[in-house]
Amino acid sequence: MQQTLIYLDHAATTPVHPKALEAMLPYFSENYGNPSSIYSIAREARRALDNSRQTVAEILGCQPNEVIFTSGGTESDNLAIKGVAFANQNRGKHIITSAIEHHAVLHTFQYLERFGFRTTYLPVDRYGVVDLQALEQALDDETILISVMLANNEVGTIQPIREIAEMIRGRKIYLHTDAVQAGGSLDINVDKLGVDMLSLSAHKFYGPKGVGLLYVRRGTIYWPQQQGGGQERNRRAGTENVAGIVGMATALRLAYENLESNNQHARELRDRLVQGITSSIDHCILTGHPERRLPNNASFCFEFVEGESILLNLDMLGICGSSGSACTSASLEPSHVLKAMGVPVETAHGSLRLTTGTSNTREQIERVIEVLPGIIKKLRAMSPLASGASELPSH
Ligand code: PLP
């Protein structure tokens, strides 16, 4: 008998909402026109793009022409950071980010170092909150850009973006936030956040993969990073992913229409997971901020075990989780996020992230709480790292 899947990796990706899928389908079949063409099926596609842009602009609290559709979070981050850095380098070549960003941001910063940009990677505290004092000290006359994520993908910690915006108010420094993990669960109103640019990715909020957007505040000076046709008002060349964009806008609208109930559901299940796991397993710590975190994120470190082994054992029972971020879990390098938070390397190796979503049930959560202690116990019994475990105080 096939066991039912218990999917607890919604920070990696989410299933497409049936209504988003339904909204997309006509743009693969009868309305397949290229939105840049002039006949009626093309005009249909153009209308769908315009409506989608209007929908997402309402949620972001911006003008539709401040939204650029992209191929996802990675492209949006690249466009924001490289676009602003290259276009404003005449004013200064100092750019600031945090040590716990997604690689879409970190690797873009490292790439810019090759072009002579001076980079600052802000430290975080043990809960993963960016150090604002360090930011204050890092700012100088050459600073042109700050990029700090709204919420972290591994530990879920929410960053003080509003405070950062206040800190640089009146200075000619652009503020970008990677809101990929926050989209669909936190307020992403760009004026309330005080940001000039914001990245989103549809597949994190029950939209399709391979589509995202970048909000760019009017007046922001940046260079497009892709050359070609004049799509997206000359800001992002390439025929638009019409069906994907329609799916993204529909999914984002549904997420914000149901924000309270979805968040409450995710949080209740997450709280039960955290309580059930930390109370039944010794030498286990909750990573990330205890309160200022995404409602669906439960992330832990278990001492004396490897996160990869926990994942494989959970997988055998049909339970999907992740260790570190989805993009890095193929390597055995401990997470840069946990390292920056001061978690010892050996402890960081035993990380497990479980992220809840709309279709999870209380029974599924109870099942995880029931099986996880046995898995950890079995792995510790086999681990040479665990020999001193019983003598150590439990957390
Ligand atoms: N930024 C963050 C915080 C993410 O979590 C991810 C994906 O995991 C990305 C960017 C990359 O987004 P995409 O998968 O759409 O390229």
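**Entry 1: Asp131**

I began with Asp131, which counts as partly exposed at 30% relative accessibility. My cut-offs here: buried is under 20% relative accessible area, exposed is over 50%, and partly exposed lies in between, with a 1.4 Å probe and protein chains only. Asp131 has its place in the loop between S4 and helix H5 (132–138). Helices (H or I, at least four residues) and strands (E, at least two) are DSSP runs, numbered from the N terminus. I also looked up Asp131 against Glu268: they are 137 residues apart in sequence and 30 Å apart in space, C-alpha to C-alpha.

**Entry 2: ground rules**

I note that this is a predicted model, in which local features need pLDDT of at least 70 and side-chain atom pairs count only at pLDDT 80 or more, while totals for chains, interfaces and linings use all residues. Residues are numbered from 1 along each chain as its sequence is written, and side-chain values use heavy atoms, with hydrogens and water left out.

**Entry 3: Asn297**

Next I went to strand S10 (residues 297–302), where Asn297 lies. Asn297 counts as buried, at 1% relative accessibility. Which side chain does the side chain of Asn297 contact? I found Arg293, in a polar contact of 2.6 Å. For a polar contact I need a pair of N or O atoms within 3.5 Å; within protein, one must be able to donate a hydrogen and the other to accept it, and residues adjacent in sequence count only if both atoms are side-chain atoms.

**Entry 4: aromatic rings**

I looked up the aromatic pairs and found five in the structure. Phe86 and Phe115 form an edge-to-face pair, 5.2 Å centre to centre with 85° between the planes. The rule I used: rings of Phe, Tyr and Trp (its six-membered ring) pair if their centres lie within 6.5 Å, with planes under 30 degrees apart counted as stacked, over 60 as edge-to-face and the rest as tilted. This pair links distant parts of the chain, 29 residues apart: Phe86 is in helix H3 (residues 73–88), and Phe115 is in the loop between helix H4 (103–113) and strand S4 (118–122). Phe86 counts as buried at 13% relative accessibility, whereas Phe115, at 37%, counts as partly exposed.

I then saw that Phe86, Tyr111, Phe115 and Phe117 form one aromatic cluster. Lys82 lies over the face of Tyr111, at 4.7 Å from the ring centre. Lys93 has its charged end over the ring of Phe117, 4.9 Å from the centre. A charge sits over a ring if NZ of Lys or CZ of Arg is within 6 Å of the ring centre and within 35 degrees of the ring normal.

**Entry 5: salt bridges**

How many salt bridges does the structure hold? I have 17, each being a side-chain nitrogen of Lys or Arg within 4 Å of a carboxyl oxygen of Asp or Glu.

- Asp9 bridges to Arg353, with the closest N and O atoms 3.1 Å apart. Asp9 lies in the loop between strand S1 (6–7) and helix H1 (18–24) and Arg353 in strand S12 (residues 351–355), so the pair ties together parts that are 344 residues apart in sequence. Both Asp9 and Arg353 are buried.
- Glu232 meets Arg53 at 2.8 Å, N to O. This pair also links distant parts of the chain, with Glu232 in helix H8 (residues 231–234) and Arg53 in helix H2 (residues 40–60), 179 residues apart. Glu232 and Arg53 are both buried.
- Glu366 meets Arg362 at 2.9 Å, N to O. Both lie in helix H14 (residues 362–382), four residues apart, about one turn of the helix. Glu366 is partly exposed at 27%, and Arg362 is partly exposed at 43%.

I also noted one network, in which salt bridges that share partners join Arg118, Asp140 and Glu142.

**Entry 6: the ligand**

Which residues come nearest to the ligand? Of the 13 residues around the ligand, I list Gly73, Thr74, Asp178, Ser201 and Lys204. A residue is near if one of its heavy atoms lies within 4 Å. H3 gives the most to this shell, with three residues.

- Asp178 has a side-chain N or O atom 2.6 Å from a nitrogen atom of the ligand.
- Ser201 has a side-chain N or O atom 2.6 Å from an oxygen atom of the ligand.
- His203 has a polar side-chain atom 3.0 Å from an oxygen atom of the ligand.

Taken alone, the ligand exposes 390 Å², and the protein buries 87% of that. Accessible areas come from the Shrake-Rupley method with a 1.4 Å probe; for residues, only the protein chains shown count as cover.
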